[in-house]
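The sequence and structure are shown first.

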Amino acid sequence: MTTESSPQSKKKRPFTVGVTGGIGSGKTTVTDFFASHGIRIVDADIASRMVVEPGKPALADIEQRYGPEILIDGGLDRRKLRTIIFDDTAERKWLEGLLHPLIRDQITLELGDAESRYAVLVSPLMLETSQHELVDRVLVVDVPERIQLSRTMSRDQMTEEQTRQILDNQMKREQRMARADDIIDNSGSMARLHQSLDKLHQFYLSLA
Ligand code: ADP
């Protein structure tokens, strides 16, 4: 399933499970569980910040396009960049064209280093980007919207309106589920989640 786009991606990676889901669905909670069982977690959000760290070529490209005002304390002003691309499709496409291949290479590199029985890639944009090509199975963490809202609001101290805005910009629940190999229902207690995850972990060990 892997698309080999760079020399880095030729490095052999372990059997990889891709974890995705909407904001507040429980991706971090799920990956914390796998990590506690010794499974290597690669986080696409972390990779996406790494590729624009000070000194990285992508940051220089961004500075060249938007000027030094796009920097804050020598680093990328992500909030300003988000504002620029928010309703400008051409700029968003330019930025995605620059960053997505770099993020993908970074993820590939990290997966290649994983030494656990299988590895997990967690990404909120697994299905919206080509990142799903880097995994063998897609696990969607699912909760009904009202739970998603309330858990996100209490975690991030956001209003319902702010949370809804993020939610509305993400892939719809049904679309995401339609592309899942495995779905975990996280609408119950933590204990119930861990029970389901125990089973999934055994299943992934048997596949790996
Ligand atoms: P994501 O990483 O998908 O944004 P998190 O794993 O951070 O989601 O979960 C969102 C919030 O909901 C966190 O505060 C987390 O502790 C809480 N949470 C996750 N699963 C459960 C659960 N089954 N029961 C109660 N709270 C949960």
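## Aromatic pairs

Phe34 has a relative accessibility of 0%, so Phe34 counts as buried. The model described here is a predicted one. Tyr204 is likewise buried, at 0% relative accessibility. The rings of Phe203 and Tyr204 have centres 5.8 Å apart and planes at 35 degrees, so this pair is tilted. Phe203 itself is partly exposed, with a relative accessibility of 33%.

The count of aromatic pairs comes to six. One of them joins Phe34 and Tyr204, a tilted pair with 6.2 Å centre to centre and 50 degrees between the planes. This pair links distant parts of the chain, since Phe34 sits in helix α1 (residues 27–36) and Tyr204 in helix α9 (residues 190–207), 170 residues apart. Ring pairs connect Phe33, Phe34, Tyr118, Phe203 and Tyr204 into a cluster.

## Salt bridges across the chain

Eleven salt bridges are counted. In one of them the side chains of Arg13 and Asp136 meet at 2.8 Å, N to O. Arg13 lies in the segment before β1 (16–20) and Asp136 in the loop between β5 (119–122) and β6 (137–142), so the bridge ties together parts that are 123 residues apart in sequence. Arg13 is buried, with a relative accessible area of 16%, while Asp136 is partly exposed at 27% relative accessibility.

A salt bridge also forms between Glu91 and Arg65, with the closest N and O atoms 2.8 Å apart. This pair links distant parts of the chain: Glu91 belongs to helix α5 (residues 89–113) and Arg65 to helix α3 (residues 57–66), 26 residues apart. Glu91 is buried, with a relative accessible area of 16%. Arg65 counts as partly exposed, at 40% relative accessibility.

## A further bridge and a network

Asp185 and Arg192 form a salt bridge through their side chains, at 3.5 Å from N to O. Asp185 is partly exposed at 38% relative accessibility, and Arg192 is partly exposed at 45%.

## An exposed loop residue

Asp73 is placed in the loop between β3 (71–72) and β4 (75–76). The relative accessible area of Asp73 is 83%, so the residue is exposed. Asp73 and Pro54 are 19 residues apart in sequence, and their C-alpha atoms are 9.9 Å apart in space.

Note on methods. Residues numbered from 1 in each chain as written. Predicted model: local features only at pLDDT ≥ 70, side-chain atom pairs only at ≥ 80, totals over all residues. Heavy atoms only, no water. Helix = DSSP H or I, 4+ residues; strand = E, 2+ residues; numbered from the N terminus. Buried < 20%, exposed > 50% of the residue type's maximum accessible area, 1.4 Å probe, protein only. Phe/Tyr/Trp six-rings, centres within 6.5 Å; stacked < 30°, edge-to-face > 60°. Salt bridge = Lys/Arg side-chain N within 4 Å of Asp/Glu carboxyl O.
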